[in-house]
Amino acid sequence: MATQHKWLAWRVAVFLAALTPLLFWSWQVANNAAGPEPGRYLLLNIGIGGLWMLLLTLSLTPLTKLTRWKGFALIRRQLGLWTLAYATLHMLSYALFILGLNWALLGSEIVKRPYIIVGMIALIGLAVLGVTSNKWSMRKLGKRWKPLHKFSYAILGLVLLHFFWVVRADMGEWAAYALVAALIMATRLPPVARTLPKLRYRLSRT
Amino acid sequence: MLIKIAKPSDLNESDVTPESIYLSRRRFMGGMAGLGAGLALSGHVRANEDYSDVPEGDAPAWLKEKISETEWRAITPSNPDKDKIAPFDDASGYNNFFEFGTDKGDPARYAGSLETQPWSVVVDGEVNNGGRFALEDIAKPSQFEERIYRLRCVEAWSMVIPWLGIPLADIIKRADPTSKAKYVRFETLVDPEQMRGQRSSFSIIDWPYVEGLRMDEAMHPLTIMAMGMYGRELPNQNGAPLRLVVPWKYGFKSIKSIVRISLVEEEPVNSWQQIASDEYGFYANVNPKVDHPRWSQATERRLPNSLFSPNTIETRMFNGYEDEVAELYAGMDLRKHY
């Protein structure tokens, strides 16, 4: 019973931590602390926030392998859904605050701009993973569930491409995210993946 | 506020035109101007009062004096209700000045490290009267004018800014160009010690930042070299102490913190053209019909805006200065020469 409570507290803490940036940015907008273009401020921050969520989600498996702590696996679905939530809010910010809900413009922009097309594909992918993230879908999909959810690797690539095409003058920030993404993906290479549990063994002995 | 030394010629408070009359006169004159739309000239209206909420800067004495003698409101928008001047905090807090970082807040955060006094500018190339000139000597022979211009960024946002400066034509005439001078090339300061963006090893820009104008564009009366805004000197993040302002072109043409002005025979390759020639051309005239490959240029977001009213307005040909500048491009395919 006590451990049940502990895990619930952990999940609630993660929930609040993931919610906090959104509340903070909204508070800034409400207090005129987000500059002369608050919509763009939200758009960019939520976009970067979504990338953080995706990177955190994908780092849970290697972290579990490394530490064998149960807590990481327990928040995987939640962080995945947060990624979807951030991505959806990012897209809505664009439609609402940048295009002013001009549907005709939204239609033509989606078709014309490669970075938007890539972003939309990533969002649709996240939505598919979100819808199939419940226990019923896992049972229904059986062996196909895992390969389906490996599509999240491709989504990470699409998101980085989307980000890459938006950059105008300095690749520094993008390069930092790309490097972190590369490290997280590298832990999935079979030789590295095999080494992680051994590393844990060595760490626990010292 | 600037320290104002009253001159016998100065107007008294009671001489100031009430705003309602001022505005209606403006509208009337705007209507009268008709063909010259956008350029409504007025007399010497004192404008310092309008900027009472603008923080005082740290201008050298000569610049304060030049500013105090400004011909205020020399050019104003024909429709001041639509083209409202942006608050100073927005104009000085939301900038693209990649020498100081890529975030719009970076220039305001980090440009304080730029030392602008003293400042000198090299004027060279196809000129008879070239050399290195103290900024003071460049400014002194000319009358300061206040020009309230729309600034349209290539990123599809815009603001209305009251600049203080002198016509670029004054500087070029004094340099006495030779017959070979066909273009003007400008260079921004390179100093990674003072400009942290230049220290980034991931920067796409090959410093110095370079811009250029065709001779007739440079000589056009709308083209100015600004040294101030909002009744004071330029904040560093806005390109202190000397920047170009070409109101019918996208903002990136208006190069900041200039250290070199060269009169040249060949068309200069400006920085953005060098980086992505399919996205940015030499001319960069504001044109709602030619999209940036990554976004539409048909509309713009007039700033400041708010969440649920993005303040999206139609972008005008040559940023609304079509009557004044269209003839410069007569017969040119603006789709090709974007």
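Predicted model: local features only at pLDDT ≥ 70, side-chain atom pairs only at ≥ 80, totals over all residues.

Tutor: Chain A contains 11 helices and 0 strands, and its pattern along the sequence is accordingly written α-α-α-α-α-α-α-α-α-α-α. Along the principal axes, the C-alpha atoms of chain A fill a box of roughly 55 × 40 × 35 Å.

Now to the packing itself. Two packed helices are described by the angle between their axes and by the distance between those axes.

Start with helix α2 of chain A, residues 38–67, and helix α4 of chain A, residues 76–98. Their axes come within 8 Å and cross at roughly 160°. Angles over 145 degrees count as roughly antiparallel, so α2(A) is roughly antiparallel to α4(A). The crossing of these two helices, α2(A) and α4(A), is left-handed. Sorted by class, the residues of the contact between α2(A) and α4(A) are 15 nonpolar, 9 polar and 2 charged.

Helix α4(A) also packs against helix α6 of chain A, residues 114–131. Here the angle is about 145°, and the axes are 9 Å apart. The crossing of α4(A) and α6(A) is left-handed. On the α4(A) side, the residues that meet α6(A) are A:Gly80, A:Leu81, A:Thr83, A:Leu84, A:Ala87, A:Thr88 and A:Met91. Their partners in α6(A) are A:Leu123, A:Leu126, A:Ala127, A:Leu129 and A:Gly130. By class, the contact of α4(A) with α6(A) has 8 nonpolar, 4 polar and no charged residues.

A record can be set beside this picture. In an unreviewed entry, UniProt lists residues 51–158 of chain A as "domain: Ferric oxidoreductase". Over residues 51–158, chain A is 86% helix and 0% strand.

The contact takes 19 residues from chain A and 24 residues from chain B. The side of chain B that touches chain A has 11 nonpolar, 9 polar and 4 charged residues.

To go back to the part you asked about: α4(A) packs with α6(A) at about 145°, and α2(A) and α4(A) cross at roughly 160°.

Notes: Residues numbered from 1 in each chain as written. Chains lettered and ligands numbered in written order. Axes fitted to C-alpha atoms, helices over the stretch in contact; angles between N-to-C directions. Helix = DSSP H or I, 4+ residues; strand = E, 2+ residues; numbered from the N terminus. Parallel < 35°, antiparallel > 145°, perpendicular 65-115°, else oblique. Left-handed = near helix turned anticlockwise from the far one by under 90°. Nonpolar A, V, L, I, M, F, W, Y, C, P; charged D, E, K, R; others polar. Contact = placed C-beta atoms within 7 Å. UniProt positions renumbered as here; feature names shortened; annotations may be inferred.
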